[in-house]
Amino acid sequence: MRLPLPRPSRSLPTRSSCRPCRPPRRSSRRTAPSATSPRGWTRSASSPRGDPSLDPEPLGLTPQLQVRIPAKILRVGVPGETLADALPHLRNTYCGTIAYEIEHISSHRQRTWLREKIETGAFRNQLKSDEKIWLLGRLIKVDAFERFMHKAYLGQKQFSVEGLDMTVPMLDELIQLAAKNGAHEVVVGMAHRGRLNVLAHNLGRPYDTIFAEFEGASTLEAVTTIPQGGTGDVKYHHGAQGSYEVGDGESILVNLESNPSHLEFVHPVVEGATRAAQTDRKGPHATRNTAAAVAVVLHGDAAFPGQGVVAEALNLQALDGYNVGGTVHLIQNNQVGFTTDPEDSRSTRWASDLAKGYDVPIIHVNADDPEACISAVRLAFAFRKEFGHDVVIDLIGYRRFGHNEADEPAYTQPEMSALIKQHKRVSQLWADKLIVDGVVTKQEVEARTNEIWDHLTELHQDLKAKIKAAEETGEASQQTGEYQLDRSPSPDVPTAVDADRLRSLNGELLAVPDGFNVHPKLIKQLERRRDALGEQGGIDWAHAESLAFASLLTEGTPIRLTGQDVERGTFSQRHLVLHDHKTGRTICPVQSLPGALAPFELHNSPLSEQACLGFEYGYSAEAPETLVLWEAQFGDFVNGAQVIIDQFMISGLAKWGQTTRLTLLLPHGYEGSGPEHSSGRMERFLQLAAEGNIRVANLTTPAQYFHLIRRQARIAKQRPLVIMTPKSLLRLPQATNRIQHLSETKFFPVLGEPRVEHDKVKRLILCTGKIYYDLVGHADRQEQEGLAVGRVELLYPFPEGQILELIESYPHLEEVVWVQEEPRNMGARAHMFPRLMQILPERLRFGYIGRPERASPGEGYPAAHATEQSRIIRTALDLSVPVSLYPAKTPGER
């Protein structure tokens, strides 16, 4: 039986007993010092919190009893024959400047491994003299850079790392350990706190290029080569890549991901980029080496528990489609969130407590103890290497300035701010220790400090001189880079596939091993795909999609498709993975094509949009040759990923020069399913479309889908693609194609209505998506010879030429009407209206038919939906009443 020995690591010491938590403390602003929070915290600054389980006396473990208890029955790794002998070593292990939380971990093997490493001190060995000196030099550089920037650019936002200076050496140690373990890349994600210092020291960005941005001379060619393009971003949001020297002529790539002010949303992006860097996509089957790339994510102590994307991303860690072999998380804990105290920002005692729910071990360490910080990193990396699992380091320090350098911290944390002002910097503390230990002299420390300060001063003065000289000669440029994006059309690419090749691929996709029992209800559905390539046709959406995927794989394009229920398809249409209905065995024919030259990754995702889409964005950015697709269960679910869409996918090109060929599949269409599952929010993407940043399509045939998917994979210019995919059209007989449509045509941005007498047409209905079939399939359509229906398949980039060509094909046209099933303030109307008004000939009138403006996308009752849908169609087809509201142009507007 295990005795109730005080074991603080397994039930973490409180702030009073654990020195990791003893940096300058903030006193509570509460008026009642004895009041306690719902978490049991004592809000008084003067009465330290303790844990009675750390005191052996209340447990009955008297000194007399301690000497009688053999240490071996305690199963501890510290030295000592009895509990009395072991107890001081246990206190030294668990109650110093480093502490551990491991008892929540469900794996017995992981817990015992951690106990053994912690208690034997496997990673608490003191640094060697040369390591101590190197660490001192690193801390001096970090501190000097911060102080120099603060002096040179007083009041400008820098988001100083001061108080958490050990962030940089800890990243150094992680990078070096990754390299020794065989990694070729370390992918880092962080918010703005300390980002400039990390750029300078962990990624090797020259100091003068950072100075240049503060001088407003980022486009001065003599100073820096920051690429032009877009509108740019602030200094502490930019990503970078650097080559980190690890000795013996070897180096490792360090990739710092670009990140907006939406703090934690880079977390899943890092995971996706790391997964891509770990994956070998050459050949028919993807292979992955989790040692090849390491993910490191830096968090804020308020943001880690406060932002839901962290929980979503942590949930990905052990899933087959998202695992990266363990991420090292570093919480930059300065014990305040902007101006908010911890007791107002979280409902847990520790900032790291969220990680407990995902079996993640937590190491707390005092940011003022450099040796303990390095030990924490070594233990964390060893755990990651051993178990391929996430691990958290809670680096507890402080923030010397306010949220930024223009802020006054004493406004909201006056006592804490006063303590920090009197507190020595970690570089000074470490130098004092090394001087006392005889490792360095005071003169050596001063010389090293002066050397780096002089170097920074010289670089700054040289930059100033270059700027002044450029201004005098007229060579200085203050351009913002705006309107520099390449918005030229991409050269078209052939997307048709030979018919015989399609038939061969079709047979391979339908082949199943002997003895495999396809579900009886599926057999007919799959067998129809054989007949669909015959003269009668019948190729539906899922069939065209699988042929597109198969053809790309045999051409050497890797594909990754993830999302909610993508293996089967939300509407039971895809069935890329087949399940033996008797044994449960699964096969995926598209992953075992005989002629495949590239792999196909296919994974059902968890019920997450924000983290999952962020993951795929990161993957697609790291693997530009790969067609990465993410599908929402219903189009409106994309709402849950809005930050990733707005801050990364849409604006990344303009802000950071970063784009991808990430493709979103969003089921969209009004079938009376209620407001939540009707709209993929097309209007939002169209509102965000500018400068050629994305592509948005709403298609009406499987062949169009086939060609657009192949085009997206093969086109030279990468851009994200958003496709409003169908629901009811998935099985609509009219929305099928023949093999010739796949083998002899291409993608058409605009489609006209076939079998129309052009000379008789007076009204042209323009629409997009499913409503086309509602219009042409209505009984009233056959009676109206003076009407034609055109489909805009590609909404952005706006297909101006193709629309004008369609309009000009009707010589007696009088009016053009935009018809949609979405409300007037939604759908494509707001996007199409001004563009059509601009290009339509003056003789034409222009109108709109659809739902009126509404707060909700669609009706909640099927009967109300049917009534409204019928009204829209009947109005659009009724030529007896003109519906055009105004001329396209007023005279002279050209």
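What is the relative accessible area of E458?

Modeller: For E458 the relative accessible area is 48%, which makes this residue partly exposed (buried is under 20%, exposed over 50%, and partly exposed in between, with a 1.4 Å probe and protein chains only). This is a predicted model, in which local features need pLDDT of at least 70 and side-chain atom pairs 80 or more, while totals for chains, interfaces and linings use all residues. Residues are numbered from 1 along each chain as its sequence is written, and side-chain values use heavy atoms, leaving out hydrogens and water.

E458 sits in helix α15, which covers residues 442-473 (helices, H or I, have at least four residues and strands, E, at least two, as DSSP runs numbered from the N terminus). Together with E451, D454 and D462, E458 forms a negative surface patch. Patch members have over 30% relative accessible area and no salt bridge, like charges being joined within 9 Å and nonpolar side chains (Val, Leu, Ile, Met, Phe, Trp, Tyr) within 5 Å. Asp and Glu count as negative, Lys and Arg as positive, and His and chain ends are not counted; the charge is placed at CG of Asp, CD of Glu, NZ of Lys or CZ of Arg. Areas follow the Shrake-Rupley method with a 1.4 Å probe, and for residues only the protein chains shown count as cover.

Another surface residue is A855, which is exposed, with a relative accessible area of 81%. A855 lies in the loop between β24 (845-851) and α28 (862-877), and its C-alpha atom is separated by 9.4 Å from that of M826, although the two residues are 29 apart along the chain.

Strand β7 (residues 293-300) runs parallel to β8 and is joined to it by 6 bridges (strands pair if DSSP finds at least two bridges between them), and V296 has V328 as its bridge partner in β8. Strand β10 (residues 391-396) also pairs with β8 in the parallel sense, over 6 bridges, and here V328 stands opposite V391.

R560 and E601 meet through their side chains in a salt bridge of 3.1 Å, N to O. This pair links distant parts of the chain, since R560 belongs to strand β11 (residues 559-563) and E601 to strand β14 (residues 600-604), 41 residues apart. A salt bridge here is a side-chain nitrogen of Lys or Arg within 4 Å of a carboxyl oxygen of Asp or Glu. E601, like R560, is buried. The side chain of R560 also meets that of E616 in a salt bridge of 2.7 Å, N to O. E616, in helix α19 (residues 610-622), is 56 residues away from R560 in strand β11, so this pair too links distant parts of the chain. E616 is buried, with a relative accessible area of 0%.

Across the whole structure, a search finds 42 salt bridges, and R851, R854, E859, E868 and R871 are linked in a network of them.
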